[in-house]
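Please keep the sequence and the structure in view while reading.

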Amino acid sequence: MLSPDTPILILTTGGTIDKIYFDALSDYQVGETVVAKLLEIARVKRPFRIEEVTRKDSLELDDADRAHIRARVVAAHESHIVITHGTDTMTETARVLADIPGKTVVLVGALAPARFGESDASFNLGMAFATVQVAQPGVYITMSGSVFPAAHVVKDREKGAFVPVE
């Protein structure tokens, strides 16, 4: 188990978790991250550090963005890392991170923006924050009350949920 004074790195990449309502056409854009605010509201006392990697919808992420995310994980002094990420391509990014040794990485997102009252963002972030502290090194996805090894999960768009695969 992770020592209580060991800091956790949170890398933000955008996605629905940080989307804001933009205009009268019901357009949404990725805004400034709300992760620090969510952790403050939750009264998190464990040390953490937040770094923005990018501010994009995950459908806009490309191979260069994923390489940049990977480089940030590899270069991080912290061995326990939470990555906020859009759900549509979360598993693609997870694959790029799969072979990084000695790091526990948890990807997390939301199906509704954190700024919405009925968002799953706070709960999902809490799950990710807990998972990264107790999981063995590797890459995981936490969504909707479940923790998945990243190599064994897909997003089922019809169900609006992540589901395990073999």
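From the N terminus on, the elements of the chain follow the order β-β-β-α-β-α-β-α-β-α-β-β-β-β, which comes to four helices and ten strands. The model is a predicted one, and every value below was computed from it. Of the 166 residues in the chain, 48% are buried, while the accessible surface comes to about 8500 Å², with 54% of that area belonging to carbon and sulfur atoms. Among contacts between residues at least 6 apart in sequence, 63% join residues that are at least 24 apart.

**The sheet**

Six strands form an open sheet with mixed pairing, and their order across the sheet is β4-β1-β5-β6-β7-β8. Strands β4 (48–56) and β8 (146–149) stand at the edges, and because each has a single partner strand, one side of each is left without a neighbour in the sheet. From one strand to the next, the twist averages 20°.

Helix α4 lies across β1, β4, β5, β6, β7 (138–143) and β8, running at about 170° to β6.

**Two residues in their surroundings**

T131 is found in helix α4, which spans residues 121–134, and V154 is found in strand β9, which spans residues 153–156. Are these residues buried or partly exposed? The table gives the relative accessibility of each.

| Residue | Relative accessibility | State |
|---|---|---|
| T131 | 8% | buried |
| V154 | 33% | partly exposed |

T131 counts as buried because its 8% relative accessibility falls under the 20% limit used for that class.

V154, leaving aside its neighbours within four places in sequence, is in contact with T91, A161, F162, V163 and V165. V154 and M90 are 64 residues apart in sequence, and their C-alpha atoms are 8.9 Å apart in space.

Definitions and conventions. Residues are numbered from 1 along each chain as its sequence is written. This is a predicted model: local features need pLDDT of at least 70, side-chain atom pairs count only at pLDDT 80 or more; totals for chains, interfaces and linings use all residues. Side-chain values use heavy atoms; hydrogens and water are left out. Helices (H or I, at least four residues) and strands (E, at least two) are DSSP runs, numbered from the N terminus. Buried means under 20% relative accessible area, exposed over 50%, partly exposed in between (1.4 Å probe, protein chains only). Contact means heavy atoms within 4.5 Å. Accessible areas come from the Shrake-Rupley method with a 1.4 Å probe; for residues, only the protein chains shown count as cover. Two strands pair if DSSP finds at least two bridges between them. Axes are lines fitted to C-alpha atoms, for helices over the stretch in contact, and angles run from 0 to 180 degrees between N-to-C directions.
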